[in-house]
Amino acid sequence: MNKLNRKIAILGSGPAGYVAAIRASQLGASVALIEEKDIGGVCMNRGCIPTKALLRTSEIASFIKRSKEFGIDSHMDNINWNYALDLKSRIVKNNNIGIEQLLNAKGVTIIRGRGEVLSNHRIIVLTSEESIEITCEKMILATGSSPLLPNIKGIDSKGVITSDEALNLNVLPKDIIIIGAGVIGLEFATMFNSLGVKVTVIELLDRILPDQDSEISAELLKIMKRQGISFKLSASVKEIQKANVGLTVSYEQGEKTFTKSSEKVLIAVGRRLNSSLFQNLPLDIEKKAIVVDEYMETNIKGIYAAGDVTGGKLLAHLAFAEGKVAAENALGICTRVNYNAVPSCIYTNPEVASVGMTEDEATQLGILAKVGRFDLKNNSRALTLSERNGFVKVIADENNTIIGSQILGVNASEMISELTLAITLKAKASDLADMIHPHPTLSEAVWEACSDILKRAIHKL
Ligand code: NAD
């Protein structure tokens, strides 16, 4: 057995693990990064990056469908799906190579294999050729999450897929049922629908995106229905059965039972945290999440955890932040994650982005929330883009300090950073209302929403 000694050993090379590895080596530590699959974890290989690459293809398809609106007579003759898959794989591969180059340049030792934690300072890794025993001073657990399969009869039928398989379908199905109207369900619904696949979304609750502002959920539901996506809300799936062709899903809505058939069924009802891999460590685990303190340290001194495996919001950029903080604290620099300013972006068409509190959350905390709002139909850049759907909402407290924002609209994912900065710096509505925003840009809607809090929006009746 080979032996290796490193100051820090990190289990998992997703956004939490690889950022922790780079940060730790920047701080002068010797680092071993253990990964059993591909460098970059779910985000880079089976999540954020491949979905956004395929969403770009579907976005082009939706532009072609709308081309007449812009004076171009064009139509979509053929989708070369295999080419789109190949393009997506090349984008992922380039990303993988880039991250690996960064890790190598920083001197991080990458060990490919399944790691098993033996004790506080020992991990054994089974690679394809050998076993390696790593001893370390500190450890960072960053093993992420996997698709959750609910207990539905027939869920193991052929043709039932998770997001992992949905990114690699050899042929585009004619139709698909998506179970779950959360982030994954709606991003895939957007992608498949734009590519001409008939999409039905079945959701347990009475609304889509239950974690988002209710007005955004309601407005996006209307827009997605207009795009041709069918929704079955307050619907509980009872069984999935193999049919002659494809699958049949039985679901209950109220007292009635319905059935719906499709070629594929995509399960998108949440993710399972990979926290049960550490049987040899007496870790505190609550609701399947490894419990950490504000420095990302677990109940065991010297063992840190970061990213999805610690629960909360399962977001790659939050995992970046947690990985960085875990590495810094492990090496004696006291830092924390600012959980008040965690943006979240959903790549539907149009996009959804939010940060901080919603009006309802602020009210529940006894804050006399002020809401500034600006509709994109009154923003000149949105008009030039023919993207009139949506709005920017900014939430401020009694002192006009910005505490939240929710955006529905084209490029919402880019606009939210200004408001994340505002919350981070504890800015007031007047700070953004008095700041010059370039014209014509979508970001003027942020300026107007902040001005609206102060009752001085310019382009609003
Ligand atoms: P989610 O929690 O966002 O949504 C799951 C949905 O499924 C909920 O609406 C829930 O009510 C519904 N549901 C649960 N059980 C059901 C059932 N039996 N039948 C019908 N509906 C049911 O989970 P997700 O969409 O799977 O995403 C998982 C995680 O990954 C989320 O935390 C998400 O934030 C993250 N993610 C983020 C991004 C992004 O940032 N753009 C993209 C993808 C995933």
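Let's start with glycine 182, which sits in the loop between β9 and α6. When I say helix or strand, I mean DSSP runs, numbered from the N terminus: H or I with at least four residues for helices, E with at least two for strands. One thing to keep in mind: this is a predicted model, where local features need pLDDT of at least 70, side-chain atom pairs count only at pLDDT 80 or more, and totals for chains, interfaces and linings use all residues. Residues are numbered from 1 along each chain as its sequence is written, and side-chain values use heavy atoms, with hydrogens and water left out.

Back to our glycine. Is glycine 182 buried or exposed, or something in between? Glycine 182 has a relative accessible area of 22%, so it counts as partly exposed. The cut-offs are under 20% for buried, over 50% for exposed, and partly exposed in between, with a 1.4 Å probe and protein chains only. Leaving out residues up to four places away in sequence, glycine 182 touches Glu203 and Leu209, where contact means heavy atoms within 4.5 Å. Aspartate 284, by comparison, is 102 residues along and 28 Å off, C-alpha to C-alpha.

Now step along to the ligand. Which residues come nearest to the ligand? Out of 21 around it, they are Ile184, Glu187, Glu203, Gly270 and Cys345; a residue gets into that shell if one of its heavy atoms lies within 4 Å. Helix α6 gives the most to the shell, with four residues. By type, the shell has 14 nonpolar residues, four polar and three charged. For the record, Ala, Val, Leu, Ile, Met, Phe, Trp, Tyr, Cys and Pro count as nonpolar, Asp, Glu, Lys and Arg as charged, and the others, Gly among them, as polar.

A backbone N or O of valine 183 is 3.2 Å from a ligand oxygen, and a polar backbone atom of isoleucine 184 is 2.8 Å from an oxygen of the ligand. Leucine 204 has a backbone N or O 3.2 Å from a ligand nitrogen. On its own the ligand has 840 Å² of accessible area, and the protein covers 79% of that; these areas come from the Shrake-Rupley method with a 1.4 Å probe, and for residues only the protein chains shown count as cover.

Next, the inside. In soluble globular proteins, nonpolar side chains tend to be buried together. Here, the largest nonpolar core has 39 residues, and Trp81, Ile178, Phe192 and Phe231 touch the most other members. By nonpolar core I mean buried Ala, Val, Leu, Ile, Met, Phe, Trp, Tyr and Cys residues joined through side-chain atoms within 4.5 Å. Elements that each supply at least two of its residues include α4 (81–105), β9 (175–179) and α6 (183–194). Apart from this core lies another, of 32 residues, with Ala20 and Tyr304 among them. As for phenylalanine 192, its contacts beyond four places in sequence include Leu169, Ile176 and Val199.

Last stop: alanine 341, in the loop between α8 (316–330) and β20 (344–346). What is its relative accessible area? The value for alanine 341 is 12%, so it counts as buried. Further along the sequence, alanine 341 touches Val355, Thr420, Ile423 and Thr424.

Definitions and conventions:
Polar contact = N/O pair within 3.5 Å; in protein donor to acceptor, adjacent residues only side chain to side chain.
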